[in-house]
Amino acid sequence: MAENSCETSGSGHRRYPAHSPGDRNVSAGVGASKWIRLNVGGTYFLTTRQTLCRDPKSFLYRLSQADPELDSDKDETGAYLIDRDPTYFGPVLNYLRHGKLVLNRDLAEEGVLEEAEFYNITSLIKLIKDKIRERDCKTSQVPVKHVYRVLQCQEEELTQMVSTMSDGWKFEQLVSIGSSYNYGNEDQAEFLCVVSKELHNQSYGTNSEPSEKAKILQERGSRM
């Protein structure tokens, strides 16, 4: 029969049953069982059974419930073995802990999405897909940068100059500046031709090395 311990509080006495050593072992076992150790790709993670049970349809829920239909192995420390990338498992586990998706800048959303789909965490899958869609939308809305050039040419050179434009250059505007030169009895009309080109994967203000055709275009319009 277990002995009773007595605690004095104020004017009265309260009696509490004393725990036997066996009872303490049972309590310790219950407390320890709520913690689960995972070996993901050689990296250990320690978490609670409650965390892994956030999504009842997930692989981790079945693992935490010791689903007999789930073929799972343990290593020598008793940790569940999961052959996945531990780098991308961290954000998945943290999402189950606090319900927020937190990613380091060097982590790709697509990598975390792969893990979320493997563990079948439906709410996280939707969240990452929305984040990827939002990221791609912002990327597509980045304003296109252009570089402009103004070339001077005579009327007889205009058609040839416009027809030889390539490498992304396109005609923007033609401005007549009158007749500055006189050859024989005929005046030669002069024009300013404005051309532009899109800048791809370059910082604003930097110029790429002009192609041979662009150099020819510059030489023909160098009389400014």
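Trainee: Leaving aside neighbours within four places in sequence, which residues is threonine 47 in contact with?
Mentor: Threonine 47 is in contact with Lys34, Trp35, Ile36, Leu38, Leu52, Leu93 and Arg97, where contact means heavy atoms within 4.5 Å. Before going on, note that this is a predicted model, in which local features need pLDDT of at least 70 and side-chain atom pairs count only at pLDDT 80 or more, while totals for chains, interfaces and linings use all residues. Residues are numbered from 1 along each chain as its sequence is written, and side-chain values use heavy atoms, with hydrogens and water left out.

Trainee: Where does threonine 47 lie, and is it buried or exposed?
Mentor: Threonine 47 lies in strand β4, residues 43-48. Helices (H or I, at least four residues) and strands (E, at least two) are DSSP runs, numbered from the N terminus. Threonine 47 counts as buried because its relative accessible area is 2%; buried means under 20%, exposed over 50%, and partly exposed in between, with a 1.4 Å probe and protein chains only.

Trainee: In what sense do β3 and β4 pair?
Mentor: Strand β3, residues 35-40, and β4 are antiparallel, with 6 bridges. Two strands pair if DSSP finds at least two bridges between them. Isoleucine 36 is opposite threonine 47, and valine 40 has threonine 43 as its bridge partner.

Trainee: Which residue in that hairpin takes a positive phi?
Mentor: Glycine 41, with phi near 60°; the hairpin has 2 residues between the strands.

Trainee: And how many bridges join β3 to β5?
Mentor: There are 3, and these two strands run parallel, β5 being residues 80-82. Asparagine 39 has leucine 81 in β5 as its bridge partner.

Trainee: Change of topic. Which residues touch the most other members of the largest nonpolar core?
Mentor: Leu38, Leu60 and Tyr119, in a core of 28 residues. A nonpolar core is a set of buried Ala, Val, Leu, Ile, Met, Phe, Trp, Tyr and Cys residues joined through side-chain atoms within 4.5 Å. Two or more residues come from each of β3, α3 (59-64), β5, α4 (86-98), α5 (109-119) and α6 (122-140). Helix α4 gives the largest share, 6 residues.

Trainee: What does tyrosine 119 contact beyond four places in sequence?
Mentor: Its contacts there are Val40, Ser58, Phe59, Leu60, Ile82, Arg84, Phe89 and Val92. A second, separate core has 12 residues, including Cys153, Leu158, Trp169 and Val195.

Trainee: What is the phi of asparagine 120?
Mentor: Phi is near 60° at asparagine 120, a positive value in a residue other than glycine. Most residues other than glycine have a negative phi. Asparagine 120 sits in the loop between α5 and α6. At 32% relative accessibility, asparagine 120 is partly exposed.

Trainee: Which residues does aspartate 55 touch, not counting those up to four places away?
Mentor: Asparagine 120 is one of them, along with Tyr61, Ile121 and Thr122. A side-chain polar atom of aspartate 55 lies 3.2 Å from the backbone nitrogen of threonine 122. Aspartate 55 itself is in the loop between α2 (49-52) and α3.

Trainee: How many salt bridges are in the whole structure?
Mentor: The search finds 6. One of them joins arginine 84 and glutamate 115, at 3.0 Å from N to O. Arginine 84 is in the loop between β5 and α4, and glutamate 115 is in helix α5, 31 residues apart. Arginine 84 is partly exposed at 24%, whereas glutamate 115 is buried at 5%.

Trainee: Which residues form the salt-bridge network?
Mentor: Glu109, Glu110, Arg135 and Asp136. Within it, glutamate 109 and arginine 135 meet at 3.0 Å, N to O.

Key
Polar contact = N/O pair within 3.5 Å; in protein donor to acceptor, adjacent residues only side chain to side chain. Salt bridge = Lys/Arg side-chain N within 4 Å of Asp/Glu carboxyl O.
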